[in-house]
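Here are a few exercises to work through with the model open beside you. Try each task before reading its solution.

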Amino acid sequence: MGEVLGVRQIKAILPQRYPMLMLDRVEVLSETTAWAVKNVSMNELYFQGHFPNHPIMPGVLQVEAMKQLGELLVRSKLDPEGTQDVYMRVLEKVKFRRPNNPGDRLKIEAEVTEFRDAEAVVKAKTFNNGGQTCEAIITLAVRPREGAREMPQLFNENDKHSETPMDVLRIMSLVPHRYPFLLIDNISMIDGEHIRAVKNITVNEEIFAHCPDDYAVMPESLLCEISAQSGCACVLSRPENAGKIGYFMSIDRAESFAPILPGDQLVIDIDLPPGKSKFGKGSGTITVGGRVVFSITLMFAIVDA
């Protein structure tokens, strides 16, 4: 038996807090391996919006749980002074295998397979009573906790206007996501297989309650969700998919290039070639002020609601 950590000890190592702390208890088996428990309860905030009348734990929060367990193992090596941001630089080979619902108990396993320079590679899996639910390879790295250095440029072509193709009400008519897990504000352009969505980041969002007082930053796991919701809104707007629903299936690779902070406007560009099956694959980028801050290649399934 290894060292067992309760919430107090976990919070002494990790900066995450409500509503984004995804570990309830941890057993550290060695310097490179650990497992954790996350009890899934209907009382959790995200079930209000994922989904009403059909509660499912968002797949990206399983990714966040794996990231946090890996971070717990490597933080003392990557950030011994505890002054930097340990972030998910690369996310690879993610497969969402089965859902987690209220009443499930999520087991998270993590193994550090490699340390290199200022990075660590973590292989992780999650399970519930029905079997494996998710797997991923995560590269964790460190960056300074730096705040915003310039004001955003306001009122560009992506800001909502009278001819915006989809406002949030139209988006809500297509996807089941609701507060606090509807993570796109409008779609500013649809051009065949290409979609451009917008997410305005504000410090008043519940997710920023989890951040240290001196450093509010958007978790990379939620950037994956923002990208997926953008793609789903586009695909579900096609006439042949009327009344259907999209499920996140996998992430081939995602990469973060810069932190995203309150006051940023995210512009999400996704290419979604029409497929011959119920599965759709897309790739895209997120930019802030014209600079690419995130990229992703993902797959989702379109099924009957």
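**Exercise 1.** At what angle do helix α2 (residues 59-78) and helix α4 (residues 220-236) pack, and how far apart are their axes?

*Ground rules.* This is a predicted model, in which local features need pLDDT of at least 70 and side-chain atom pairs count only at pLDDT 80 or more, while totals for chains, interfaces and linings use all residues. Residues are numbered from 1 along each chain as its sequence is written, and side-chain values use heavy atoms, with hydrogens and water left out.

*Solution.*
1. Helices (H or I, at least four residues) and strands (E, at least two) are DSSP runs, numbered from the N terminus.
2. The angle between α2 and α4 is about 160°, and their axes lie 8 Å apart. Axes are lines fitted to C-alpha atoms, for helices over the stretch in contact, with angles from 0 to 180 degrees between N-to-C directions.
3. That angle makes α2 roughly antiparallel to α4 (the term applies over 145 degrees).
4. On the α2 side, the contact (heavy atoms within 4.5 Å) is made by Val-60, Leu-61, Val-63 and Glu-64; on the α4 side, by Ser-221, Leu-222, Cys-224 and Glu-225.
5. By class, the residues of this contact are five nonpolar, one polar and two charged. Here Ala, Val, Leu, Ile, Met, Phe, Trp, Tyr, Cys and Pro count as nonpolar, Asp, Glu, Lys and Arg as charged, and the others, Gly among them, as polar.

**Exercise 2.** Is Gly-59 buried or exposed?

*Solution.*
1. Locate Gly-59 in helix α2.
2. Its relative accessible area is 17%, so Gly-59 is buried (buried means under 20%, exposed over 50%, partly exposed in between, with a 1.4 Å probe and protein chains only).
3. For a distance check, Gly-59 and Leu-73 are 14 residues apart in sequence and 22 Å apart in space, C-alpha to C-alpha.

**Exercise 3.** Which strands pair with β11, and how many of its residues are buried?

*Solution.*
1. Strand β9 (residues 194-200) pairs with β11 in the antiparallel sense over seven bridges; two strands pair if DSSP finds at least two bridges between them. Ile-195 stands opposite Ile-270 of β11.
2. β12 is also an antiparallel partner of β11, over five bridges, and Val-267 has Thr-287 in β12 as its bridge partner.
3. Six of the seven residues of β11 (residues 265-271) are buried, so this strand is largely enclosed by the rest of the structure.

**Exercise 4.** Where does a positive phi occur in the hairpin of β12 and β13?

*Solution.*
1. Strand β12 (residues 279-288) pairs with β13 in the antiparallel sense over 10 bridges, with Gly-280 opposite Phe-300.
2. Two residues lie between the strands, and Gly-289 takes a positive phi near 60°.

Technical notes:
Angles under 35 degrees count as roughly parallel, over 145 as roughly antiparallel, 65 to 115 as roughly perpendicular and the rest as oblique.
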